[in-house]
Amino acid sequence: SRSYRIAVLAGDGIGPEVMSEALRVLDAVEAKFGFTTTREERFVGGAAIDATGHPLPPETIASCEASDAILFGSVGGPKWESLPPDIQPERGALLPLRKHFGLFANLRPGVCLPSLTHASPVKNELIPNGFDVLCVRELTGGVYFGQPKGREERDGEPVAFDTMIYRKSEIDRILRVAFTAAMGRGKRLVSVDKANVLATSVLWRETAVEVAKDFPEVEMSHLYVDNAAMQLVRRPDSFDVLVTENLFGDILSDEMAMISGSLGMLPSASLGKQKEGGLYFGMYEPSGGSAPDIAGKGIANPIAQILSTAMLLRFSLGENEAAAAIEAAVAKAIDDGFRTGDIATGAAGETKVGTAAMADAILARL
Ligand code: NAD
Ligand code: IPM
Ligand code: MN
């Protein structure tokens, strides 16, 4: 039978809580669709610092290298915030993992189900049918990684600096991912930049215009990032695919998550180069973080982790039916009124549940 290897890195805060629910869902689709996975659970982030002194131990990387994909929870939290920046969970584990595996394309599908529009802060009469936006975020370049980056004393006071830098080839490849995604959807692409101020954005826009020539069927437009942030809350359903650089994508995707109901709903896939046969090595994780404010209470929304697992099945394993079955079961659980605290509104017909009971509701609908 078909069998695969997955590195499971649950991490910190709500990571382990939502991960165990996602793994239960994975068990169920394996039984239903006749494939198996070997899972290697490894330390990452704060949990790895506590266990080994390092946020990304070599054995964790080795396990990822030996796998078909990485299922990632989240890392970070107050306990590790005062460590030197380079060994904090985010900069010492998450960013290096993305860089090490060349995961330059981050897909974040912001879907507001019609049955969940009332949980959106956007005026409901504006989104009667919900919306479905795909944010394509560049993930291994820009100001996150540019050198020099640092801090020094100048004229008797500290100064700090980051470098925003993009190579044309980095812009070109992420735009091709976005155009290709648009071809498989509504064929509309909005490229988001700040070309009225930033040199990197001028290069970005130029490259977008060139790449567009290879995708004549896709209608492309440009928005400045400030305007894009505004348009997203004004008319989210006017977007199909949105593509942008690393930091803008980080910010816009949290906004997109909230208007689709909650950050706890938004999955993500971080992909490298496509392999022969069309699959990708990838890392799959909720777009949100370790949520220290609700960790340990059993109330986190497991849907982002569960939908990230569906993306893993589709993009890294090619188990498309299992992926679609998970997505349908999640939609059904939402349609049937199951709500964790972050998406509960008190409306009639809602059943308020915790993390495990939400997963139970999804499992029952698989
Ligand atoms: P966060 O995303 O952890 O939380 C923001 C808000 O969203 C909180 O109120 C939280 O309770 C809520 N939320 C997030 N996920 C939820 C879920 N599944 N269900 C219900 N509510 C949910 O962001 P933050 O508080 O700014 O950061 C906390 C820590 O997480 C920091 O250390 C940060 O660096 C880290 N972080 C990690 C990742 C990652 O590992 N991919 C992503 C973002 C933030
Ligand atoms: C995300 C997170 C990370 C990012 C942090 C934790 C480094 O916010 O995945 O969106 O900024 O990319
Ligand atoms: Mn983020």
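Which of the 22 residues around ligand 1 come nearest? In this predicted model, in which local features need pLDDT of at least 70, side-chain atom pairs count only at pLDDT 80 or more, and totals for chains, interfaces and linings use all residues, the residues that come nearest to ligand 1 are Gly76, Gly264, Gly288, Gly289 and Asn301. Residues are numbered from 1 along each chain as its sequence is written, while chains are lettered from A and ligands numbered from 1 in the order in which they are written.

A residue is taken to be near a molecule or strand if its C-beta atom, placed from the backbone, lies within 6 Å of it. The shell around ligand 1 contains ten nonpolar, eight polar and four charged residues, where Ala, Val, Leu, Ile, Met, Phe, Trp, Tyr, Cys and Pro count as nonpolar, Asp, Glu, Lys and Arg as charged, and the others, Gly among them, as polar. Around ligand 2 stand Gly76, Glu90, Leu94, Leu95, Asp250, Ser287 and Gly289, and by class these residues divide into two nonpolar, three polar and two charged. Helix H4 (residues 89-100) supplies three residues, the largest share of the shell around ligand 2; helices (H or I, at least four residues) and strands (E, at least two) are DSSP runs, numbered from the N terminus.

The protein chain is divided into domain 1 (1-104 + 267-366) and domain 2 (121-259), with bounds that come from an automatic or database domain assignment. Taken over C-alpha atoms, the centres of domain 1 and domain 2 are separated by 24 Å. Nine residues of domain 1 are in contact with ten residues of domain 2, two residues being in contact if their C-beta atoms, placed from the backbone, lie within 7 Å.

One set in the UniProt record covers Arg98, Arg108, Arg137 and Asp226. These residues span 129 residues in sequence, and the farthest two C-alpha atoms are 26.7 Å apart, so they do not all gather at one spot. The other set in the record covers Asp226, Asp250 and Asp254. Although these are spread over 29 residues of sequence, they cluster in space, with a largest C-alpha distance of 14.5 Å.

Some of the annotated residues can be described further. Arg137 is found in strand S5 (residues 131-138) and is buried, with 28 other C-beta atoms within 10 Å; a residue is buried if 20 or more other C-beta atoms lie within 10 Å of its own, exposed if 12 or fewer, and partly exposed in between, with C-beta atoms placed from the backbone. Not counting residues up to four places away in sequence, Arg137 touches Asn106, Arg108, Thr244, Asn246, Gly249, Asp250 and Ser253. Asp250 lies in helix H8 (residues 246-259) and is partly exposed, with 18 other C-beta atoms within 10 Å. Asp226, in helix H7 (residues 225-234), is exposed, with 12 other C-beta atoms within 10 Å.

Strand pairing and backbone geometry were also examined. S8 (188-193) is mostly covered, five of its six residues being buried, and it pairs with strand S9 (residues 219-224) in the parallel sense over six bridges, where two strands pair if DSSP finds at least two bridges between them. Within this pairing, Val190 stands opposite Ser221 in S9.

Most residues other than glycine have a negative phi, and most peptide bonds are trans. The peptide bond from Gln147 to Pro148, however, is cis, with omega near 0°, and Pro148 lies in the loop between S5 and strand S6 (150-154). Asp155, which is not a glycine, has a positive phi of about 50°; it is placed in the loop between S6 and strand S7 (157-161) and counts as exposed, with 5 C-beta neighbours inside 10 Å. Lys187 likewise has a positive phi, near 60°, and lies in the loop between helix H5 (168-183) and strand S8. With 15 C-beta neighbours inside 10 Å, Lys187 counts as partly exposed.

How values were computed. UniProt positions renumbered as here; feature names shortened; annotations may be inferred.
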